[in-house]
Structures are given as structure tokens and as C-alpha cells.
Amino acid sequence: MKHITIIGDGGWGTALAMILHGNGHRVTLWGPDASYLEQIVAGGVNPRFLPGVNLPAALRWTANEGEAVAGAEGIVLAVPSRFYAATLERFKPVLPASYHLVSVSKGFDQQTHQRLSAIAATTWNHPSVAALSGPSHAEEVARGVPTAVTVASTDAAEAAFWQEAFNSRTFRVYTSEDVTGVEVGGALKNVIAIAAGICDGLGFGDNTKAALMTRGLAEITRLGIRLGAQPATFSGLSGIGDLMVTCMSRHSRNRGVGERIGKGERIEAILGGMQQVAEGVWTAKAAKHLTREINVDLPITDEVFAVLYEGKDPREAVQALMTRPPKPE
């Protein structure tokens, strides 16, 4: 049995806490709002982020950073990208002398546009931050629906630690050394999912979504290779697997946001009524800046950015993609 701390009280962090608890580990979860954590403990559910799922009473919840990580052998970073860097700073003074570290958040840093595990490695001076990603909606993981993911680290021992900690009868974990590929796939697929949702909202069909997902995977792969990833990673769980589930699932918040945009709603109104995070909205902005910095062509991402941040009509965005100059596949 290991003592593992999850930083982040959202649906994904809570679902992973249930996996770890089911494997016999002692689990502490940290969240920033003490009153909300008291509500979780009193009700035995996480009503805001994972409603309808009964939580084990043995899970420990705290809003105190020092209490959260005291004695932790492993730390799981499950914080939305917008709050990731600031949360890392909060924990710097109270970190254990040694610990295993895995980032399960999906996105890029909003200021530097770096991968999140790279931000964690620099901020906490950790030599081998692992990254976990794959087709894994929290709602299904928490209910024991069979799921497979990938955990990557440049240190094989670090990847093995997290594989052993998480692997279960319903949550199968594969290892990889391609941290960049695993994180890029997990981040950019959310942007493509918004585009897929827009297609749904506009009433397009299966042909459209198949084309979008295929060309979206080409964009994800192109960006990943430019950043140093291995091409084969994008044929795996954290690439095409995560892209498929996020573009098609009823659980996908990013696809849902896109669908509402396609039906005519404004992004400001959509986000204003959401309690949970649609990472693709923020990732689209970070990826747009990143494409300028490293000069890589991401046409679908560019159009999603234009719809979200420049008020472009979704039908015009689709038309812009369809009328690009013909080229080899």
C-alpha cells in the first residue's frame, strides 16, 4: 500500500482516486475550496464534478497544501491547465524530500505554451515527471467501465511505478517513453473535438466527422513530431484512441461545447453556465500561439481559434477548410 496524493478535486482526479483506493492505496485529495470539500465528505459524492457516483469513505480530502502532501510517496497532478502553474507554486514550500510525480492534466501552459509536465519538472525541480493520458472519461472510469490508458516517462522505473499503482481489472495501463507524444495527443484532441461538435451542431454527417478526425489526427501528429514526439505514439491510446472518444462521446464536454456553438450559442454564454472545464477552449489559444512560435500548419486548430476568439461564423470556418488549395494527403 502506498500513500498517494491527488492535487485536484475535479472529476478526473476523483475517478483516479477511486482506482487507487480500489487497488489498496491510501489516497488524499486536495482542492482549493475547504467548504466544498466539507460538502463532499458530508454527502459522500462530488456533486459538482462527478455527480451520481458514491465515493469511498476512506478517501481523505483537504484544502491544506502541507497536509495534502505530508508523507506522500506519489503525487498526481490533476489540475486544469489554466490553474496548473499557480497551483504548482502553492505547493513548492511543502513538497516531500522525494516522491514520484505524474501529470494527468491535458493542455498547454497558458503563458509559456509548454507541455504541462515540463512546467511541473521546472517548477518543482523534478527529474522525471510522468504523463498519463488516453481515452478515459471520468464518468466511466469511476463506474468501473473497462478503460485503457498510457503512462509515459523518460525513466522506465517512474513509468513502472505508476503502472503498478493504477493498473487494475477495469483500468489497464500501458507504458511508454514518449512523454511529448502522450501529452500533445491529450491536449490537441480537445480542440479537434470542439470542431467535431461544431459539425454535429451544424447538422453535418458521418462523412464530415470521419474526415475531420482523420485530418485532425494529422495535425496532432504534425505538431507532436515538430516538438520531438515519436510518430507511432499517435496511433495508440493517447493519440487516435483519445481523439475518437472525445470527438464522439456524449460525455465529452469539448464536443458538447462545439455542438452548442454549431447551433448558434455564443461561447461566453456556454462557458458562463458550465461548472466543469472544457480544456479545448484554452488549448486552442495556446496552440495558436505555439504554431506561430514554431511555424507549424494546423488549419483545423486555426479555424477553431477563429470561431472561439474572433467571432468567426462556424459555417465560414468549415468553408475555409473545404476550399483550401488541394494537396497530397
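Author: Two strands count as a pair if DSSP finds at least two bridges between them. This is a predicted model, in which local features need pLDDT of at least 70 and side-chain atom pairs pLDDT 80 or more, while totals for chains, interfaces and linings use all residues. Residues are numbered from 1 along each chain as its sequence is written, and side-chain values use heavy atoms, leaving out hydrogens and water.

Reader: What makes β5 and β6 a pair?

Author: β5 (residues 100-103) and β6 are joined by two bridges in the parallel sense. At least two are asked for, so they qualify as a pair. Within this part of the sheet, serine 103 sits opposite alanine 131 of β6.

Reader: In what order do the strands of the open sheet stand?

Author: The eight strands run β3-β2-β1-β4-β5-β6-β7-β8, with mixed pairing. Strands are DSSP runs of E with at least two residues, helices runs of H or I with at least four, both numbered from the N terminus.

Reader: Why do β3 and β8 stand at the edges?

Author: β3 (60-62) and β8 (171-176) each have a single partner strand, so one side of each lacks a neighbour in the sheet.

Reader: How do you know that leucine 20 is buried?

Author: Leucine 20 has a relative accessible area of 0%. Buried means under 20% (exposed is over 50%, partly exposed in between, with a 1.4 Å probe and protein chains only), so leucine 20 is called buried. This residue belongs to helix α1.

Reader: Which residues does leucine 20 touch?

Author: Setting aside residues up to four places away in sequence, leucine 20 touches Ile4, Ile6, His25, Val27, Ala165 and Phe166; contact means heavy atoms within 4.5 Å. Histidine 3 lies 17 residues from leucine 20 in sequence, and their C-alpha atoms are 9.7 Å apart.

Reader: How many cavities of 30 Å³ or more does the search find?

Author: One turns up in the whole structure. The largest cavity holds about 50 Å³ of space. A cavity is a set of points on a 1 Å grid over the protein atoms alone where a 1.4 Å probe fits but cannot get out, and lining residues have an atom within 4 Å of a point.

Reader: What lines the largest cavity?

Author: The lining consists of Ser103, Ser105, Lys106, Ala131, Leu132, Ser133, Val182, Glu183, Gly186 and Ala187. Both β6 (130-133) and α8 (179-201) supply at least two lining residues, and α8 gives the largest share, four. By kind, the lining has four nonpolar, four polar and two charged residues; Gly counts as polar, while Asp, Glu, Lys and Arg count as charged.

How values were computed. On a 1 Å grid over the protein atoms alone, a cavity is a set of points where a 1.4 Å probe fits but cannot get out, and a pocket is an open set with protein on both sides within 12 Å along at least five of seven lines; lining residues have an atom within 4 Å of a point. Grid points are joined across faces, edges and corners, and a volume is the space filled by probe spheres set on the points.
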